[in-house]
Amino acid sequence: MSLTGRNPTIRLSIIRSQIDKQQQVIALLENRLQEAILGGTDVGDIYGDQDLDGGLGEIAQIYGDNGTIDSKYGYVPDPATGAATTEIKQLNTATGLTESVNEDVNLTNVRIDRAAATGDPVQGIYQFFDPDGEVNVEEYARYQQDYAIAYGGALLDPSDDTSFRDAPAGRADSQGLNAAELLPTYTGLTGAMHKGVLDFQQVDGAGTPLPLEQDGIRQLLYQARALMGELRVEEQHWNAEVNEEKSRRKELIDFTKG
């Protein structure tokens with residue numbers, strides 16, 4: 001038993017199991033990169049062109065990671081515990097800080113305008129998740145529409161030109177780059193790799209993800225190989241610990257025999 005209380009033999013076994021998984025991930029990405037370089041094949045979807053999510057799904061199966069939902073600018077923390085709540089943030093370009101979407105007065109004004117124009121009651125704060133933790137798609141769409149009206153100069157009602165609302169001065173964001181965004185992703189290492197390659201995913205005019213190009217696959221492969229290097233260093237450390245423990249045991253046995 002090591003001084004840290006961790007059994008070196010068990011730790012070494014765990015690291016080597018992780019290395020086996022990492023070798024599978026690297027082999028998978030190398031195949032995907034070769035396929036991207038050489039072009040598509042006619043053997044179905046075995047090595048078919050994939051978007052980022054498709055590739056990450058295969059990686060997640062190897063790592064044993066699960067699907068989850070991340071937030072572009074993070075979640076609002078609970079003031080008492082500091083734990084993340086289900087309320088999400090957007091970027092306030094006037095202050096350079098993130099804020100809860102429900103603290104944005106401009107979005108509140110959009111809801112008031114809608115109530116005045118349509119007679120509908122002013123809807124309350126945004127509730128992005130259902131009680132079971134799934135994304136409330138309708139609520140998320142409502143937020144995106146309100147944001148487009150508040151910051152992109154969109155129409156409150158496309159059929160009524162009088163309901164046009166100008167974007168607030170100094171905070172125009174016609175592309176929605178500063179809006180809160182919920183992103184399907186994965187837990188664990190797969191999620192970390194996703195964040196590192198997110199900017200490489202391209203979409204067509206309808207917003208449909210396009211097959212991941214060579215640069216994106218190379219970035220994933222770079223991350224996978226870097227982690228393999230760290231695992232190899234960890235393996236060497238625990239292998240040395242195992243050998244040292246064997247040596248101490250031998251010395252103890254020799255001492256008791258003497």
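Helices and strands are DSSP runs, of at least four residues for helices and at least two for strands, and they are numbered from the N terminus. The legends below refer to a predicted model.

**View 1. The contact of helix H1 with helix H2.** Helix H1, which covers residues 8-38, packs against helix H2, residues 52-63, at an angle of about 160°, and the two axes lie 9 Å apart. Because angles over 145 degrees count as roughly antiparallel, H1 is roughly antiparallel to H2. Their crossing is right-handed. From H1, the contact takes in Lys 21, Gln 22, Gln 24, Val 25, Leu 28, Leu 29 and Arg 32, and from H2 it takes in Glu 58, Ile 59, Ile 62 and Tyr 63. Sorted by class, the residues of this contact are six nonpolar, two polar and three charged.

**View 2. The contact of helix H2 with helix H5.** Helix H5 is formed by residues 188-197, and its axis and that of H2 come within 9 Å and cross at roughly 155°. H2 and H5 are therefore roughly antiparallel to each other, and their crossing is right-handed. On the H2 side the contact is made by Leu 52, Leu 56, Ile 59, Ala 60 and Tyr 63, while on the H5 side it is made by Leu 189, Thr 190, Met 193, His 194 and Val 197. Eight of the residues in this contact are nonpolar and two are polar, with no charged residue among them. Ile 59 and Tyr 63 of H2, which take part here, also belong to the contact of H2 with H1.

**View 3. The contact of helix H3 with helix H4.** Helix H3 (residues 105-118) and H4 pack with their axes 9 Å apart and at an angle of about 100°, which makes H3 roughly perpendicular to H4. In H3, the residues Asn 106, Leu 107, Val 110, Arg 111 and Arg 114 meet Arg 142, Tyr 143, Gln 145, Asp 146, Tyr 147, Ile 149, Ala 150 and Tyr 151 in H4. This contact is made up of seven nonpolar, two polar and four charged residues.

**View 4. The largest pocket.** The space in the largest pocket comes to about 440 Å³. It is lined by 20 residues, of which Lys 72, Gln 175, Gly 176, Leu 177 and Glu 181 are the closest to its centre. Helix H4, which covers residues 137-152, gives the most to this lining, with eight residues. By class, the lining of the largest pocket holds ten nonpolar, six polar and four charged residues.

**View 5. The second largest pocket.** About 360 Å³ of space lies in the second largest pocket, whose lining has 13 residues, the closest to the centre being His 194, Leu 198, Gln 201, Val 203 and Pro 209. H2 and strand E5 (182-186) are the elements that give two or more residues to this lining, and H2 gives the most, with three residues. The lining residues of the second largest pocket divide into seven nonpolar, four polar and two charged. His 194, one of the residues closest to the centre of this pocket, is also one of the H5 residues in the contact with H2.

Notes. Residues are numbered from 1 along each chain as its sequence is written. This is a predicted model: local features need pLDDT of at least 70, side-chain atom pairs count only at pLDDT 80 or more; totals for chains, interfaces and linings use all residues. Side-chain values use heavy atoms; hydrogens and water are left out. Axes are lines fitted to C-alpha atoms, for helices over the stretch in contact, and angles run from 0 to 180 degrees between N-to-C directions. Angles under 35 degrees count as roughly parallel, over 145 as roughly antiparallel, 65 to 115 as roughly perpendicular and the rest as oblique. A crossing is left-handed if the near helix is turned anticlockwise from the far one by less than a right angle, and right-handed if clockwise. Contact means heavy atoms within 4.5 Å. Ala, Val, Leu, Ile, Met, Phe, Trp, Tyr, Cys and Pro count as nonpolar, Asp, Glu, Lys and Arg as charged, and the others, Gly among them, as polar. On a 1 Å grid over the protein atoms alone, a cavity is a set of points where a 1.4 Å probe fits but cannot get out, and a pocket is an open set with protein on both sides within 12 Å along at least five of seven lines; lining residues have an atom within 4 Å of a point. Grid points are joined across faces, edges and corners, and a volume is the space filled by probe spheres set on the points.
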